[in-house]
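Subject: Handover of a structure, with notes

Dear colleague,

Please find below the structure that I am handing over to you. My notes on it follow.

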Amino acid sequence: MLNRRRFLMSTAAAGAAGFAALHLSPAFAQDAPQIQIFVPAAPGGGWDQTARTMDQVLRSEKLISGSQITNVGGAGGTVGLPQFISQWNGKGNSLMVAGMVMVGAIIANKSANNLTEVTPIARLTGEFEALVVPAASPFKTAADFVAALKADPTKVPVAGGSAGGSDHILFGLIAKTAGVPAANLSYVPFAGGGEALSALLGNQVAAGISGYGEFSEQVKAGALRLLAISADKRQEGIDAPTLKEAGIDVELFNWRGVFAPPGVSDADKAAMITLVETMAKSDAWATECKNRNWTQILLTGDDYAKFLAEDTTRIAAILKDLGLA
Amino acid sequence: METLSHLAHGFSVAFTPVNLMWCLLGTTLGTAIGVLPGLGPALTIALLLPITYQVAPEASFILFAGIYYGAMYGGSTTSILLNTPGESATIVTALEGNRMARSGRGGAALATSAIGSFVAGTLGTLGVAFLAPVVVKFALSFGPAEYFSLMVLAFITVSAVLGSSSVRGLTSLFVGFVIGMIGVDLQTGQPRFTFGMSQLLDGVDVIVVAVGLFAVGETFYMASRRYAGKDEIVPLKGSLYMTANEWARSWKAWLRGALLGFPIGALPAGGAEIPTFLSYAIEKKLSKHKEEFGTVGAIEGVAGPEAANNASAAGVLVPMLTLGLPTSATAAIMLSAFQSYGINPGPMLFMTQANLVWGLIASLFIANIILVILNLPLIGLWVRLLKIPAPQLYAGILVFATVGTYGISQSPTDLVILYLLGGAGFLMRRFDFPTAPVIIGMILWPLAETQFRRAMTISNGDWSVFYKHPLSLTLLTLAFIGLIGPHIYAYVERRRLRGPEHVPGDA
């Protein structure tokens, strides 16, 4: 009996220790806590891959002992967000993956909740967009494209992802800087990058806008011509100017980042920022990002919050121009 | 001949004990998830993606391909036995397959679907190996105008499933249109028929609708007739497998199904559902046993669509491997697996990753063989399900449908929709409205609408795109012939029977 009681007590103690480790106070950070990641999208997409790659890197770097990933998909994340706000409130060991797509979806869907209600931890990665044309296109440079757009936007059908998504937003921004009214644009939305790509390869549309990774192999094979990318500076190994260099004053990253729930303590917030920052600076994370064509654009805490506010304003304005907000 | 040596090399990759083990694991897992409604191959592969951190690329793609093919086999089992499709591609299989099961030929339905899947899967895989570059060129020539014309053709041919009363059939079809429109409109980003519920913004899953109308509706109907009639299900009649006559009726349907499925599967917006509808319509038209359709169940109506969906599964791999174009949810997730190995799928894949690509193709052949060996003996076990007394069987179906639906998205909203549709399915059954057109409408309508609006956006409002593109014109002409052809034929037949002396002007 005594043995059994001692055994029970020691398991209880171990359990208590485990429970304490769940709360990410700095003292316990070395003990490799368990974390929970909330993905407001179905398995397989960009946010889900971000979560699963984070889990992989955090575990291989021994920063956490493991993580539990929860997927609640739907409507660009606006189905999951209210649940994260109400049911995960105050859970200091949890993170939600979100990004620019959710900012757009919140505005377009007129969602009751928004990202100011959660705690910004870090902006992690971004994918810059590419403006491409079929190899047979008369457009040789981004300036040719803009000139044609100015002449008659209805004659320049552009393929990209769903209406109001990052591709559509970038097209709106390009037109806006060129002085072309957004309402006249001929944008052809496709459900996925693959379908948009086939429309380009089949010469069905004049140009295409999507994440660079969607087009990179076709560009290398010579089936598509890359006119410009939306990154902040020229990228190694990519033979194309940025939009700014091509005279179009637009920069855009389809960014992804992580948020803690509302109501977490300052200590938990600081610990989580440290955890994510350590991960983002590891070699393992750099390798994963390289494999997936993710550009690292780390920004944490208050800087991230400031960026989020600016980006929300910019996206809201362009969605309004495009007639989506 | 170069292809043959590549293929031989591929077999040497696939025939290592470790890779054979992955193939067996994948096909078994695939069959299991195909049987469960709600757990599709896309979700399963997404959940297994972390495995790519542990094993070689060849091994994980062989596993994923096994799951993909296995799900196509397994999906038909529940369609046939329980009228509960596990995959959208096997919805049509339920139409005749379940009728056959009820009239005691469940074993034959399962056999024709397993062997048909094997035949079509093998033909489709041969197509991937030998025809990929040609097929992909054809596929790229399909623009929005061509897709819309293909949809018109599909709408004309599906009139075959409308049932005896076209008013009732069309009513069901239009109900399907409305369900298909629920959600955010892709072209404008505006919500339609969502009643302010964010859960409806992504639309309603076709599996939820199929399971609700077929399985739940059927269960309610059976429950309501429990004391009015007798048990309808006949456990097993005749031999467990197919008779000589059933073989004779199946093999042509398999070949026709495979011929339809492979090219349409290879189209970037083709998918697995449309070829199954077309195959069903063709088999019904060509069959010498039309009276069996919708009554005791016609074996051609199972054989054709089952072959079509497996051939289209192979077709989907064509744009994925040759261009890096994911044309289905499963292909998209397999592409993201490529990326976690730092491999960028694209036009160069056949050259840069010959080991991987040919190993994958070879393992598809092996997966097909494993699947047919795995599935044929299981038939004896499966048909025993039908010996369960009706109350217990239907209670089981209800539990199965509910759990499966919850599995799709863990959304309670889906369960409410499932039971609302179950109620609708009951009323439709009671008042003799066919349920299949609802599913067909909800799949075809959004495609037709999207492609039409895309074509009009690109052409800047010019209608001539539909008849100026040769391919589009051909498809529209076929649709027109399909529409008036039977009437002309009937007219000519009538005149021939009446004899020449009655021809007007021949006095």
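Predicted model: local features only at pLDDT ≥ 70, side-chain atom pairs only at ≥ 80, totals over all residues.

Chain A

Gly257(A) belongs to strand S9 of chain A, which covers residues 253-260. Leaving aside residues up to four places away in sequence, Gly257(A) touches Ala98(A), Gly99(A), Ala122(A), Arg123(A), Leu124(A) and Tyr304(A). Between Gly257(A) and Met96(A) there are 161 residues of separation in sequence, while their C-alpha atoms are 8.3 Å apart in space.

Trp285(A) sits in helix H10 (residues 283-291) of chain A, and it counts as buried because it has 25 C-beta neighbours inside 10 Å. The residues that Trp285(A) touches, again not counting those up to four places away in sequence, are Val57(A), Met279(A) and Ala280(A). Trp285(A) and Lys176(A) are 109 residues apart in sequence, and from C-alpha to C-alpha they are 36 Å apart in space.

As for the chain as a whole, the secondary structure of chain A consists of eleven helices and ten strands. Chain A has 325 residues, of which 53% count as buried. Of the contacts in chain A with a separation of 6 or more, 78% are between residues 24 or more positions apart.

Two residues with a positive phi

Most residues other than glycine have a negative phi. Asn203(A) has a positive phi, near 55°, and is not a glycine. Asn203(A) lies in the loop that joins helix H7 (193-201) to strand S7 (207-211) of chain A. Asn203(A) counts as partly exposed because it has 15 C-beta neighbours inside 10 Å.

In chain B, Phe193(B) likewise is not a glycine and has a positive phi, of about 50°. Phe193(B) is placed in the loop between strand S2 (191-192) and H9 of chain B. With 13 other C-beta atoms within 10 Å, Phe193(B) is partly exposed.

Helix H4 of chain B and its partners

Two packed helices are described by the angle between their axes and the distance between the axes. How do H4(B) and helix H5 (residues 91-102) of chain B pack, and at what angle? The angle is about 50°, and the axes are 6 Å apart. H4(B) and H5(B) are therefore oblique to each other. The crossing in which H4(B) passes H5(B) is right-handed. On the side of H4(B), the contact is made by Ser76(B), Ser79(B), Ile80(B) and Leu81(B), and on the side of H5(B) by Thr93(B), Ala94(B), Gly97(B), Asn98(B) and Ala101(B). These residues divide into four nonpolar and five polar, with no charged residue.

H4(B) also packs with helix H12 (residues 300-323) of chain B, at an angle of about 165° and with the axes 10 Å apart. H4(B) and H12(B) are therefore roughly antiparallel to each other. The crossing of H4(B) and H12(B) is right-handed. H4(B) contributes Tyr68(B), Tyr69(B), Met72(B) and Ser76(B) to the contact, and H12(B) contributes Glu306(B), Asn309(B), Asn310(B) and Ala313(B). Here the division is four nonpolar, three polar and one charged.

Helix H16 of chain B

Helix H16 of chain B runs over residues 390-409 and has 20 residues. From first C-alpha to last, H16(B) reaches 30 Å, close to the 28 Å expected. Its buried residues are Tyr394(B), Ile397(B), Phe400(B), Ala401(B), Thr402(B), Gly404(B), Thr405(B) and Ser409(B). They pack against helix H4 (57-82), helix H9 (206-224) and helix H17 (412-430) of chain B. Just after H16(B) comes Gln410(B), with a positive phi of about 50°.

Where the chains meet

The two chains touch through 43 residues of chain B and 42 residues of chain A. On the side of chain B, the elements that give two or more residues are helix H3 (41-48), helix H13 (329-340) and helix H18 (436-459). H13(B) provides the largest share of that side, five residues. In all, the residues of chain B that touch chain A divide into 23 nonpolar, 18 polar and two charged.

With kind regards

How values were computed. Residues numbered from 1 in each chain as written. Chains lettered and ligands numbered in written order. Helix = DSSP H or I, 4+ residues; strand = E, 2+ residues; numbered from the N terminus. Expected span 1.5 Å × (residues − 1). Buried ≥ 20, exposed ≤ 12 C-beta atoms within 10 Å, placed from the backbone. Contact = placed C-beta atoms within 7 Å. Nonpolar A, V, L, I, M, F, W, Y, C, P; charged D, E, K, R; others polar. Axes fitted to C-alpha atoms, helices over the stretch in contact; angles between N-to-C directions. Parallel < 35°, antiparallel > 145°, perpendicular 65-115°, else oblique. Left-handed = near helix turned anticlockwise from the far one by under 90°.
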